[in-house]
Structures are given as structure tokens and as C-alpha cells.
Amino acid sequence: MTVDPDQLAALLDTAAGVLDAASSQFIAGHRAESAVAKKGNDFATEVDLAIERRVVAELTRLTGIGVHGEEFGGESLDAELVWVLDPIDGTFNYAAGSPMAAMLLALLWRGEPVLGLTWLPFIGQRYTAMAGGPVRCNGDALAALGPTVLAESVVGIGTFNIDSRGHYPGRYRAQVLANLSRRCSRVRMHGSTGIDLAFVSSGILGAAVSFGHHIWDHAAGVALVRAAGGIVTDLAGEPWTVSSPSALAAAPGAHEQMLELVSAAGEPEDYL
């Protein structure tokens, strides 16, 4: 890590202020209807679009660093420094009125997440971390993650359609879920990858599986989990990068067991 720690701390404070200022808009837009259709049955609300425009403009003005957002793209992920933003993670939850939705923001330095911010405005939690830790929730430093085992862990997993095809077919995901159900204490589907990763970083979850590949879903949470002393790879066990097709985050010990369970499901292409 060669980015100046004082510079990082100042950028973290600035970014936190920007997200704080957008939180009232996030809360006021709860239950917003779909405004933009995406692939499959995914969508964005007008609030997604408005918050992204607002945060991008403020971060660019205050830090001089470009932003890559979920809705509008923007700065190249190959830039030496780039913010990565998901204005509303858990959009289905948000539109339905569930409080399980978040704002996610990360700073990448040469492709590595060095700052992570995950805001959960409806439940009043603000997770932040710089590379090297610690993770903080509402400003209070959290304990580093110690070794744990799946039998004592709650595990988060992404939602899916059993009939879906693609890189990780629905039937493959169902088998991973079945394997998990036999080993861990409980399985949870929160419907927000960012929340799952933040909960791993704080020890609420022992592990989390994301079958998605979008950088804006993962970058903030990867920064949090790694700062907490956790491990993040893809489902094949390769270290997570901005081009990874999936994410597997866990505390030490639990991560090894998670990889065993995922491996036991076989190859995704066997389920096509």
C-alpha cells in the first residue's frame, strides 16, 4: 500500500460527508417505482439515477477523482485512482419498502479497493474502512475477524432463479445452497450484496457468497472485509480482482470450509 495514509483518511472523510448528505434523499425515495428497465427483470429507480448524479458531481468537485457508477458508467476502471459507486444496492428491496438497501462507494487504487464505505440509511449504520483496517461502524472501531467455523456461522447468499442459465446456472446455485444448509448454522438471503459483505466484515455473518460479477456490488465490501482481516476470493478460490466473475468473502477458517462446499457442487457448466 503506497497511497499516502493521510490522503486516504482525508478522502474517506470527504466521501463520508457526501454520502451523509445524500442519505435524506435515499430515505425519502423509499418505495420508488422502476424508471429504467435493465437486463432480465432488473431495473433502476429515479432515485438511483438522481443519487448517482449527485454523488458523482460532489465527489468529482471535492476530490478531483473520477467516478465509475452503476447507472451511468463514467471514469475508466483502469484509471490509477477511481471511485466506484452503487447508489442503491438492493433496488428490489428498496422499491418494495424493505430497509435492506445500501449506498456503496469504494476507492480503487490501481485496481485495488483501498477505501470502502457502505451506508445503510434505514437502519442507521455507516461502515467505513481504509486498507489495513480497522473497520468502523458509525465511527467506532470493530474488532478484527478471528478464526471461525461454518457450524457456528450465519452465511449470506445471493438470490437466484432456479431456471436461470449463464455463468452460474440456477441449479448450480441451488446445489451450493444445499451444501451450505448442511454445514452452517443458518443461511440468509438479504437481497443486497453490499450488506452481506458489510455484515461479514463486522462478524454478523461468517461468510457470504455472491454469484454476480459487477464491480459496484463488490468493491466497497471487499475493502471492508479485507480491512477486517477476512478473505475474499472468487468461487474458484482465486484472489478477488475487479474482473472476478463472483465473490466469496469469509472470516479465516470459514473461508477454507466455504471453498470445500463450493467445490463439492462441481463445475457450473455441468448444470447447463
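**Helix packing, cores and backbone features**

The crossing of helix H4 with helix H7 is right-handed; a crossing has this hand if the near helix is turned clockwise from the far one by less than a right angle, and is left-handed if anticlockwise. Helices (H or I, at least four residues) and strands (E, at least two) are DSSP runs, numbered from the N terminus. The model is predicted, so that local features need pLDDT of at least 70 and side-chain atom pairs count only at pLDDT 80 or more, whereas totals for chains, interfaces and linings use all residues. Residues are numbered from 1 along each chain as its sequence is written, and side-chain values use heavy atoms, with hydrogens and water left out.

H4 spans residues 170–183 and H7 residues 254–264; the two pack at an angle of about 135°, with their axes 9 Å apart. Axes are lines fitted to C-alpha atoms, for helices over the stretch in contact, and angles run from 0 to 180 degrees between N-to-C directions. H4 and H7 are therefore oblique to each other (under 35 degrees is roughly parallel, over 145 roughly antiparallel, 65 to 115 roughly perpendicular, and the rest oblique). Contact means heavy atoms within 4.5 Å. On the H4 side the contact involves Tyr172, Val176, Asn179, Leu180 and Arg183, and on the H7 side Gln257, Met258, Glu260, Leu261, Val262 and Ala264. Seven of these residues are nonpolar, two polar and two charged; Ala, Val, Leu, Ile, Met, Phe, Trp, Tyr, Cys and Pro count as nonpolar, Asp, Glu, Lys and Arg as charged, and the others, Gly among them, as polar.

Helices H1 (residues 5–28) and H2 (residues 46–63) pack at an angle of about 155°, with axes 10 Å apart. That makes H1 roughly antiparallel to H2. Their crossing is right-handed. The residues of the contact of H1 with H2 comprise 13 nonpolar, three polar and two charged.

The largest nonpolar core has 35 residues, of which Tyr127, Val135, Phe199 and Ile215 touch the most other members. Such a core is a set of buried Ala, Val, Leu, Ile, Met, Phe, Trp, Tyr and Cys residues joined through side-chain atoms within 4.5 Å. Buried means under 20% relative accessible area, exposed over 50%, and partly exposed in between (1.4 Å probe, protein chains only). Among the elements that give two or more residues to this core are strand S5 (81–89), helix H5 (193–201) and helix H6 (215–227). H6 gives the most, with eight residues. Beyond its neighbours within four places in sequence, Phe199 is in contact with Met100, Leu120, Gln125, Tyr127, His190, Ile204 and Leu205. A second, separate core of 29 residues includes Val3, Ile65, Trp83 and Trp119.

Ala223 is found in H6 and is buried, with a relative accessible area of 5%. Residues up to four places away in sequence aside, Ala223 touches Pro113, Leu115, Gly116 and Ala129.

Most residues other than glycine have a negative phi, and most peptide bonds are trans. A cis peptide bond, with omega about 0°, joins Gly133 and Pro134, and Pro134 lies in the loop between S8 and S9. Arg110, not a glycine, has a positive phi of about 50°. Arg110 is exposed, with a relative accessible area of 56%. Asn138 also has a positive phi, near 55°, and is partly exposed at 36% relative accessibility.
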